[in-house]
Amino acid sequence: MLDSDDPLRKKNAFNPILAAQPRTIFDVMSGLAREYEAVNLGQGFPDVDGSPDVREFAARSLMQDSNQYPPSPGLLELREAVADHYRRFQGLDLDGPSEVVITSGATEALMAATMALLQPGDEVVIFQPLYDAYLPMIRLAGAVPRYVRLQPPEWRITPEALEAAFTPKTRMVLFNNPLNPSAVVYHEEELRIIAEACVRHDVIAVCDEVWEHLVYDNRRHTPLMAMPGMRERSVKIGSAGKIFSLTGWKVGWACAAPPLAAAIAKAHAFLTFTTSPNLQRAVAYGLGKDEAYFAPPRLGFARSRDRLSDGLKAEGFAILPSQGTYFLLLDLAASGIEADDQTFAQRAVKEAGVAVIPVSAFYAEDPVKSVVRLCFSKKDETLDAGIERLAKARRLFA
Ligand code: PMP
């Protein structure tokens, strides 16, 4: 690395890892949606704010309580509330003060975990399609990604494919469940495959579970941490933004055994140090609610999913089943559309006025090019307009 051509050594050179990252596909498609005044079914956020009582709690707290730096690892009341929430909903036994670190969104929890737990040269097993932040984070830590490629329609994880990604340098598995963008909820059978590999190779699992409350049709989320042998080697990451449909809040957390949590808390202390106290208080209040509070929004999202899915099926589209998240996938090949996902997405936004996300953007290599992702956490009129415009897009490829 002493080569004078190494861009890291050039004066005034910017970070080459970040410089090499393309503009995110969400940015690109939302930009085009604005330019072409398209219906935006691309980026994943609800177009109606959720949880009015949690927002009111935050507003009151903003005026009544301290607005100064909270303790770096988070307010004790929120750390306890996260532990209590997972005890009640997922049967986990976490100790708030020593095993929960509050962060500025799940994004920061992921960054803190990769910074804290990886050393240069370590390898990280990740699954494609992958959430866009994972790769730059792994590379900024000096670590090397090893891919497990998942594909439609079932996106199954097999022991053979997983095993092939491990080497003696593997230090971490980074797993997202429920999986954005494929909208699959993995259950015990596949979690066991991952857990057994982590134990056999003695590695840490970072499990990004931000979609844990958005699982439909009576499914339950199973945390990877609950699998045999995983309690001491898992980092479970969550997001209040997703749980309460307030994606702009950026309040998240990492839960892990004390040595892992302490290392993550140290990284967090240097990344953002802390997170808005009023939002932390409001999230603690919201996490204290029971199933009766979380069920209606979940049912509302499932209804929106069905509205979009039924409308598209009536227009002749083939849809892959959406078990969780805000997303469903439209199978272009099975819908009789021969174009690849990028071509379809570009023409759909420019010529039919609807923005979608090509799933190939979630692959670092050997992409699946036959599906596009649609976000259904939108008002009925937005979904209906989206269906109409997607039908128009379909005719472009007839
Ligand atoms: N991980 C995944 C898989 C996500 O889908 C998202 C949000 N789209 C995040 C992390 C980021 O969560 P937050 O907004 O809490 O940082």
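Reply: A polar side-chain atom of Trp211 lies 3.0 Å from an oxygen atom of the ligand, a polar contact being a pair of N or O atoms within 3.5 Å (within protein, one must be able to donate a hydrogen and the other to accept it, and residues adjacent in sequence count only if both atoms are side-chain atoms). This is a predicted model, in which local features need pLDDT of at least 70 and side-chain atom pairs count only at pLDDT 80 or more, while totals for chains, interfaces and linings use all residues. Residues are numbered from 1 along each chain as its sequence is written, and side-chain values use heavy atoms, with hydrogens and water left out.

Me: What distances do you get for Asn180 and Lys250?

Reply: For Asn180, a polar side-chain atom is 3.0 Å from an oxygen atom of the ligand, and for Lys250 a side-chain N or O atom is 2.7 Å from a ligand oxygen. Taken alone, the ligand exposes 400 Å², of which the protein buries 93%; these accessible areas come from the Shrake-Rupley method with a 1.4 Å probe, and for residues only the protein chains shown count as cover.

Me: Which residues are around the ligand?

Reply: They are Gly105, Ala106, Thr107, Tyr131, Asn176, Asn180, Asp208, Val210, Trp211, Ser239, Lys242 and Lys250, where a residue counts if one of its heavy atoms lies within 4 Å of the molecule. By class, this shell has four nonpolar, five polar and three charged residues (Ala, Val, Leu, Ile, Met, Phe, Trp, Tyr, Cys and Pro count as nonpolar, Asp, Glu, Lys and Arg as charged, and the others, Gly among them, as polar). Helix α6 (residues 105–117) gives the largest share of the shell, three residues; helices (H or I, at least four residues) and strands (E, at least two) are DSSP runs, numbered from the N terminus.

Me: And which pocket does the ligand take up?

Reply: The ligand takes the space of the largest pocket, and a molecule sits in a cavity or pocket if more than half of its atoms lie within 2 Å of its grid points. On a 1 Å grid over the protein atoms alone, a pocket is an open set with protein on both sides within 12 Å along at least five of seven lines, a cavity is a set of points where a 1.4 Å probe fits but cannot get out, and lining residues have an atom within 4 Å of a point.

Me: How much space lies in the largest pocket?

Reply: About 550 Å³, a volume being the space filled by probe spheres set on the points, with grid points joined across faces, edges and corners. Of the 25 residues lining this pocket, Gly44, Thr107, Tyr131, Lys242 and Lys250 are the closest to its centre.

Me: Changing topic, what lines the largest cavity?

Reply: The lining consists of Ile126, Phe127, Pro129, Leu130, Tyr131, Tyr134, Leu174, Asn176 and Leu179, around a volume of about 40 Å³. Eight of these residues are nonpolar, one is polar and none is charged.

Me: Last one, the backbone: where are the cis peptide bonds?

Reply: One joins Pro152 and Pro153, with omega about 5 degrees, and Pro153 lies in the loop between β4 (144–149) and α8 (159–165). Another joins Asn177 and Pro178, with omega about -10 degrees, and Pro178 is in the loop between β5 and α9 (188–201).
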